[in-house]
Amino acid sequence: MTSLSSSRLGLILALNLLSSATWAGSVTAASAAELRAACDSVDAATVLQPAAMAAPEARAFALSPALLQWPGQSLAPGERVALLASARGGVQVKVRAAAQGVEQRVELAPSEAPLVPELAQRFKYLESFGPGLRLALSAADQARLPQLLRGELLLVKEDAAGQVLAVTGLQTPGALDALYADAAEAAGELGAVVVKQGRQTEFKLWAPTAQQVHLCRYAGPESPAQDVEALTFDPRSGLWQQRLPANLSGSYYRYLVEVWVPGLGRVRNRVTDPYSLSLSADSARSMVVDWADPRLQPPGWQDRRAHRQASARVRQSTDMVIYELHVRDFSIGDASVPPAQRGKYLAFTQAGSQGMRHLRALAQAGLTDVHLLPVFDLASVPEQDCLTPQVPEAAAPDSPAQQAAVMKVAGQDCFNWGYDPWHYSAPEGSYASDARHGERRIREFRQMVQALHRAGLRVGMDVVYNHTAASGQGRHSVLDRIVPGYYQRLDAKGQVERSTCCDNTATEQRMMAKLMIDSVAMWAREYRIDSFRFDLMAHQPRAVMEALQQRVNAAAGQPVQLIGEGWNFGEVANGARFVQASQLSLNGSGIGTFSDRARDAARGGSAGDNGLEVLKNQGWLNGLGFAPKRHAGTPAAATQLMASADLLRVGLAGSLRDFELDTWRGPRLRADQIAYGDQPAGYVSEPGEVVNYVDNHDNQTLFDINVLKLPQDTPRAERARVQLLGAALTAFSQGVAYFHAGIDVLRSKSLDRNSYDSGDWFNRLDWSYQRNFFGTGLPPAADNQAMYPWLAPLLADPGIAPGPAEIAWMRDGFRDLLKIRASSRLLRLSSAAEIRQRLRFLNTGPAQNPLVLAAEIDGQGLKDAGFARLAYFLNTSPEAQVLQLPELAGRRYALHPVHLAPGAADPRPKREFAFEAATGQLKVPGRTALALVER
């Protein structure tokens, strides 16, 4: 962090106190009646003093209170640079004219001094904006800067006569961090906090650029304001605070923040608390929460035995077997759940429902975690009066009518994945039985967690701190309406970056990092969340994620596993702004990232494929080089198949950088020397740093991608075998195992490639195991229409959709895979050293049969190995394959006990597998995954 010397900080604070009083005198105070009216107004913002001019682009940067940088500018003889300020917002600037309406002026001096290392690192990205001016403030002007930051502030270059040559706004996070972050970080919990053994309630809002802040208090979620309290500004921390002599738990509040908004003016924004712990319906008001309040604690909440028992199943990250599930998908179609609880948190409390019986069966087989898609407060679903589309159920399987009905009300219906954060630390209200009363969502969320723990399952959350649903003055904007320009990541012109799809946040800013860390720690402490999945995690700094890991472990009193998307793209790519929490930058951190290497090798192509590419780019699972489709098949398919097989071996070895493999080209290489496009195939230091998967909520489901890539005449039973083989790749891989909910029941989204807003219709799950919903209409046109000519014939084909027999077979086969993984630590090795020592691949090198992946793992001397050795074989060919493996001669291998059990789902291993111990010859049945063990 960038710190100021104690003497300089003291001077700044003293002058800040003095100038705050001066500033307050320059701003007209509102009457009590006016403030109370603002608390209840239908308008969330009031312009108190309009800006005299539109906001220029913000091309200059406050690196610290002492230094500014203006890329693209230089000074000719006689030219000068100055900051122009106004509390009232009256500055008017036109090029080739003198500035008007200036209340304060700060002359700046060019500086050639090198930056201190912290600033040089933080602002290294400015080099890409081109050379420019670095400008220094005098010590006296540095002391004035906190006051100036609370009003209109422009940077101008003038000629000797005072005529403006160039003007820019100022990006201020660097200065705000240096001025306030040390004290604000030390201030503890922000938001509304019940203190003094429940006798007082303290409100703290970080708003260092605000001119005034008031607290609106309400007795209930819809009642008029009962009080308006002025908050007091702390010039050391930038916090506005007030302590009231009562426990206000269950009451509601909002803030009135008077702040300068560039281009708009001095605005009174009525906002909810960014640290909201609960809310009224549609996030209209924040609720005060005392975690000791009995109204928030379901019966038995203080009994932690079920949580401890579920937690004990995961001693290390590689023990995790995760099922990724959407709260609404889980129960909206489950007729065994009471209608009022379908799609809600409380559905998980129905222990006898089909869905909960399904989850318990998975837990008994070896599943350890349920990861919930976003359950924080989100902006994309109405919490009251959401609409249900009237879908024509009798429409043809390839009709566009179903999607037309769904999309007609998509913006007002009850479904969305939820990657639209509004309040990070409050539960989503649409999943509660009554969104109006904030205590309901807390208590019912806890009941859901409690029910999953009692089922033997840990609970994980999908969290989205890399963006917000909105910024600026938007209806769903919170952070930017409190401290404009601070919490969002900005480009060279001061515009909000949107590489994540939405308005990016800047967790490199210290108070945004604090918000994220405080929020995650709260979820772990107060809701007993066991692990977290971070959406687009590489848009966050590694250092912040490591600090978060330490904090959340301390909050939970036990290790809390962190995994996330480490995709390297956007304005932060390749470490442009900081060392990212990305695939290639997290080695040694213990934080896991999803691996696209084995995923793409198995499925074929990549997540970005479009049009014919989707059909042509087959993978190891679905026909590459051995079962070409009409659209697929190239002369290079045979070598592509071998390359894909090697990528899958890297994945099976935990994607370790230094694992060595005899490759299809001939040389024995480290996995980080094997190419995956322009990146290394092996990229992690330890197996707990990789998350293995073949499908998740993004892109087509595994069943659907195989429909697109397998020959169309592939029988239903064979499609199920391909699905099970894909799941086996994950189950047999070292690292964290991650499965999309429904992979075990052949889940289809009717070929939808992006079902984030496709309604319940395209996201359904059937826990009665009767259908998988393939052929329920063409998927929504927005993301799929270009593919309709190819999708329609597939959807219309009555031979593709599985029946109850295939679904039940896949369900039971998947549970058998989980039992095999759970039976031995050999499939869950905890360290790279163990994997290098114990795992070896068979059938490798130029002479390999790429249709079969084979490996042996030595269990001798390893606690909990269960077996002296374990070997596995995965055959993707429809035909049996014979391997000559003399290195296995003399082994006393037998089929894994799961295969030999009377209820084993797949009869092929027991019926068709053959092993000649004398020679090491094996016959592996077609499209079969199996394990052998030696006692």
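**Entry 1: the model.** I noted before anything else that this is a predicted model.

Entry 2: I looked for cavities of 30 Å³ or more and found nine.

**Entry 3: the largest cavity.** Which residues lie nearest its centre? I wrote down Phe 123, Tyr 125, Pro 173, Gln 509 and Arg 577, out of 16 lining residues. Strand E2 (60–62) and helix H5 (173–185) are the elements that give two or more residues to this lining. I then sorted the lining of the largest cavity by class and got eight nonpolar, four polar and four charged residues.

**Entry 4: the second largest cavity.** Here 17 residues form the lining, and Leu 724, Leu 817, His 899, Asp 906 and Ala 929 are the closest to the centre. Which element gives the most to this lining? I found that H20 does, with five residues. Helix H20 (804–823) is joined by helix H17 (716–731), helix H22 (897–900) and strand E42 (928–934), each supplying at least two residues. By class, I noted ten nonpolar, three polar and four charged residues in the lining of the second largest cavity.

**Entry 5: disulfides.** How many disulfides does a search of the whole structure find? I got two. With the bonded cysteines numbered in sequence order, the pairing reads 1-2, 3-4.

**Entry 6: Cys 39 and Cys 216.** The sulfur atoms of this disulfide are 2.0 Å apart. The pair links distant parts of the chain, 177 residues apart: Cys 39 sits in helix H2 (residues 32–40) and Cys 216 in strand E12 (residues 210–218). Why is this disulfide left-handed? The torsion about the S-S bond of Cys 39 and Cys 216 is about -80°, so I wrote "left-handed". I also checked burial, and both Cys 39 and Cys 216 are buried.

**Entry 7: Cys 386 and Cys 414.** In this disulfide, too, the sulfur atoms are 2.0 Å apart. The link is right-handed, with 90° about the S-S bond. I placed Cys 386 in the loop between strand E21 (376–378) and helix H9 (401–408), and Cys 414 in the loop between H9 and strand E22 (421–427). Cys 386 has 28% relative accessibility, so I marked it partly exposed. Cys 414 has a relative accessible area of 11%, so I marked it buried.

**Entry 8: two further cysteines.** I looked up Cys 501 and found it partly exposed, with a relative accessible area of 48%. Cys 502 is buried, with a relative accessible area of 10%.

Terms used: Residues are numbered from 1 along each chain as its sequence is written. This is a predicted model: local features need pLDDT of at least 70, side-chain atom pairs count only at pLDDT 80 or more; totals for chains, interfaces and linings use all residues. Side-chain values use heavy atoms; hydrogens and water are left out. On a 1 Å grid over the protein atoms alone, a cavity is a set of points where a 1.4 Å probe fits but cannot get out, and a pocket is an open set with protein on both sides within 12 Å along at least five of seven lines; lining residues have an atom within 4 Å of a point. Grid points are joined across faces, edges and corners, and a volume is the space filled by probe spheres set on the points. Helices (H or I, at least four residues) and strands (E, at least two) are DSSP runs, numbered from the N terminus. Ala, Val, Leu, Ile, Met, Phe, Trp, Tyr, Cys and Pro count as nonpolar, Asp, Glu, Lys and Arg as charged, and the others, Gly among them, as polar. A disulfide is a pair of cysteine sulfur atoms within 2.5 Å. Buried means under 20% relative accessible area, exposed over 50%, partly exposed in between (1.4 Å probe, protein chains only).
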